[in-house]
Amino acid sequence: MRNLTIALTGSGGTGVVALGEMLLRAAGNTGYYGILRKTFGPQIRGGESAAILRLGPQPLASFGGEIDLLLALDWSNFQRFADEIPISTSTLIIEDTAAGERPTQLSARDSIKTLDFSGLAQSLGSAHSNIALLGYVAAWLNCSEEQVKAAVFQRLHKHSEETVALAQSVAAAGAQWQRNHPIGLSPPDAVKQAPGATPEHWLATGNQLAGLGALEAGIRFVAAYPITPASDALEWMAGKIESVGGHLVQAEDELAAVNMTIGAGYGGVPAMTATSGPGLALMSEAMGLAIASETPLVILNVMRGGPSTGIPTKSEQSDFNLAVYGMHGDAPHVVLAASSIADCHFTMGWAVEIASERQTLVIVLSDQLLGQSMQILPPTATMPFKASLTQAALPPAEGEDYFRYLDTESGVSPMAVPGQAGGEYTADGLEHSQHAVPSARAQDHEMQLDKRRRKLQSLVESSHWGEVSRRDNAELMILCWGSLFPIALEAQQRLQERGLAVNVVNLRLLSPLPVVALRNCMVGMTKVWVMEQNHQGQFDQYLRSHLSQSDCADLPELIRYCRSGPRLFTPMEIVELVEKAGGAQ
Amino acid sequence: MILKAKQYKSGVKPIWCPGCGHYSVLNAITKAFAALQQAPEQAVLVSGIGCSSRLPAYVHSYGFHGVHGRALPVAAGLKVARPELNVMALGGDGDGFSIGGNHFLHACRRNVDIVYVVMDNEVYGMTKGQASPTTPENWDHSKLTPHGPEVRPFQPCALALAAGASFIARGHSGDPNGLAQILYEAVQHPGFAFVQVLSQCVTFCPEQAQWKEIVHTEDVCTSDPVAAASFLHGDDGFAKGIFYRNPRPVWPLAHERKEADLREGFRL
């Protein structure tokens, strides 16, 4: 078995997510690579929750879709996420004696193993069957007792010594039990030959790496309002930002959050906020203000199911239209998408640099899948980006006028910040002259609109616009953005093993759209699947509106392939899709 | 070099109507700046939308003219990020108490070291004369509310007290010297200082020209919130002076800065 996927199901409060994290850490210290996805219902306690853990000898950035082993601590809310945990006849199922009534679709299965994890925990005076299960599975994965102990300590170190010691003894009992009640499935053996993960590797979520990227690129002010699934990015930053001399403000609402951020940005301090769809919608008026007043502003938007409150705890890519189009007036700005958990770091850094250099709004789209999934990965590369107001004005000479909104060739004007004598001006959301005086003249309006658009144009020439993974002689291509990229790459690999060559192109720069680069990627292609996790094919519509403007006589066939969350795309479904079409050639 | 009040004017011509109270507020601000010998590059006036929110462009300092109702968050963000600056938010009664009402409450509570000046003329002037949160219940001059708003007006100073403001005062545009004195004190108060200014709109509320006859100075400044509440609830709305001054820790509180490696904590 090359790799293994374990689903852990329970109800909120049974600790399956904690179990998943501890298991991932113990497995990582045993040399496995892995990735953990968390899926929750909206309830804090008593709702459904599940963790899906994929382990293997090679770095894993995506989920395969198949479930090899299902461990159920509680069946009661299983139906609510049955769609996201596709059980097949080859899935091995182990349930706790206290898991309750089995879901109807499983009632006919006779191969379900029932083990008394809760009884085992209780016999030692603990209510935590999840810890007994941890010991049981970790032993099967050949994790040493020390590694399991360390993982338990890491998770519970804020609790009393007695609590930690009890949990460690429950885990040890679970491990002992594994020898008497074998799982009936071989653990992934490839790990023994592979070099595997080392203790230098990291265990991180996309939200944490986005926060790290922001701070390393120079963000020193954050204002935000709590919202799922962005809060944990903010919580991570709150614990770190003061150590680099910055501040994080919990604002009274998203309107305050974004305007506080603009205030700090106007003051020359690199600033950001983070939110999710409903918060981004509330911020849209102020986004126009940042654009018109040419104030650097970075917004990290961790997408969830929408519209309205939607599905707050689950992933979707449906804020594309809001991020790209969601503003009044002609409001050119930048939209980037993080393409993997690791890339959250790089893309946030790039966003911070663009916002400060071009004095504009940059929205970074991430989603619940990237933001809250946890991955074992090599230490993140050194941050290559830095916020810098490179166009900041030197104070003009005595008696000389200062033109804050000067119509320059690059479109970027000299930006003074408070404290610079001679640079005094009033930044304005009202249309203004080059001299920063409010103006309703058509000529000034057109000049400033041109300028604000022009300063973004050269971005499409950046090599960071996207990533291209080519295969020899490929005539088929998958075009995607965001969290779909790792899934598409896995599909590409599986297709290659089946003798089918497919290119995968991922966009990091969504707006302005790098049309020329995309057209170049399409040369020689016969079919391009445009993939995204939303109901309408929002990006695909946008793409077509841009391509129709260029010479499109030789365009390949564009095929829209989209679906709403939270049913994630799987590598296998892409393989089948491409095989079907590829075979028909 | 000593800066005079008129040197704090930017030279941009105000859009205000003749007889507007805001001219006097502008004068009071420049007088207060002269008294403080405020360095122009270290001061930032932040405003929202409305007639009074145009004021930053008329002052020789830095300024930020944002969107409707959000002057306070912009000012707070700026002050937290750049604590050495003198940051003053200003605007009108609609901007501050209606669309921006939530920010007003939280700014009082948060106690960031900024001054907030509300030029209160009990009307939306820029949109041509609609009722605001401080308009009298029976004011029936707006086509939008032909019976009058029929809603009790806010008492901004009492609201500020209840929400935790640590400096509360009221001035009158008819007395720019008295207002300049209040602003001078407000700037030096550590924490959130709220200054309501009765600033008449002679265009939509010509009756406000009578305010100069009915405003009265009250020397009641206290640090006791109970005494201040008692005064403010019995107030006719035309008392002027500093009513409440009770400094408390300014946000953000100073914490010992612990150097930490940003990358710590990620290792397996």
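Reply: We begin with burial: a residue is called buried under 20% relative accessible area, exposed over 50%, and partly exposed in between, with a 1.4 Å probe and protein chains only. The model is a predicted one, in which local features need pLDDT of at least 70, side-chain atom pairs count only at pLDDT 80 or more, and totals for chains, interfaces and linings use all residues. Residues are numbered from 1 along each chain as its sequence is written, chains are lettered from A and ligands numbered from 1 in the order in which they are written, and side-chain values use heavy atoms, leaving out hydrogens and water.

Me: Is B:His172 buried or exposed?

Reply: B:His172 counts as buried, because its relative accessibility is 4%. The residue belongs to strand E7 (residues 167-172) of chain B; helices (H or I, at least four residues) and strands (E, at least two) are DSSP runs, numbered from the N terminus.

Me: Which residues does B:His172 touch, not counting residues up to four places away in sequence?

Reply: A contact means heavy atoms within 4.5 Å. On that basis B:His172 touches B:Leu179, B:Val197, B:Leu198, B:Gln200, B:Trp211, B:Lys212, B:Val215 and B:Lys240.

Me: How does one describe chain B as a whole?

Reply: Along the principal axes, its C-alpha atoms fill a box of roughly 70 × 45 × 40 Å. Chain B contains 8 helices and 10 strands, and 56% of its 268 residues are buried. Of its contacts with a separation of 6 or more, 68% are between residues 24 or more positions apart.

Me: What is the accessible surface of chain B, and what share belongs to carbon and sulfur atoms?

Reply: Accessible areas come from the Shrake-Rupley method with a 1.4 Å probe, and for residues only the protein chains shown count as cover. The surface of chain B comes to about 11200 Å², with 54% belonging to carbon and sulfur atoms.

Me: Which residues of the largest nonpolar core touch the most other members?

Reply: A nonpolar core is a set of buried Ala, Val, Leu, Ile, Met, Phe, Trp, Tyr and Cys residues joined through side-chain atoms within 4.5 Å. The largest has 167 residues, and A:Phe221, A:Met272, A:Leu479, A:Phe539 and B:Phe194 touch the most other members. Helix H2 (residues 71-81) of chain B gives this core its largest share, 8 residues. A second, separate core has 53 residues, among them A:Ala51, A:Ala121, A:Ala171 and A:Ala197.

Me: Why is helix H16 of chain A described as largely enclosed?

Reply: Helix H16 (residues 515-522) of chain A has 6 of its 8 residues buried, so the rest of the structure largely encloses it. Those buried residues are A:Val515, A:Ala517, A:Leu518, A:Arg519, A:Cys521 and A:Met522. They pack against elements of chain A including strand E16 (466-469), strand E17 (476-481) and helix H17 (538-547). After H16(A) comes A:Gly524, with a positive phi near 85°.

Me: How many salt bridges does the structure hold over all chains?

Reply: Side chains of opposite charge can pair when their charged atoms come close. The criterion for a salt bridge is a side-chain nitrogen of Lys or Arg within 4 Å of a carboxyl oxygen of Asp or Glu. The structure holds 27 of them over all chains. In one, A:Arg155 pairs with A:Glu21, their closest N and O atoms being 3.0 Å apart. This pair links distant parts of the chain, with A:Arg155 in helix H4 (residues 145-156) and A:Glu21 in helix H1 (residues 16-29) of chain A, 134 residues apart. A:Arg155 is partly exposed at 38% relative accessibility, whereas A:Glu21 is buried at 17%.
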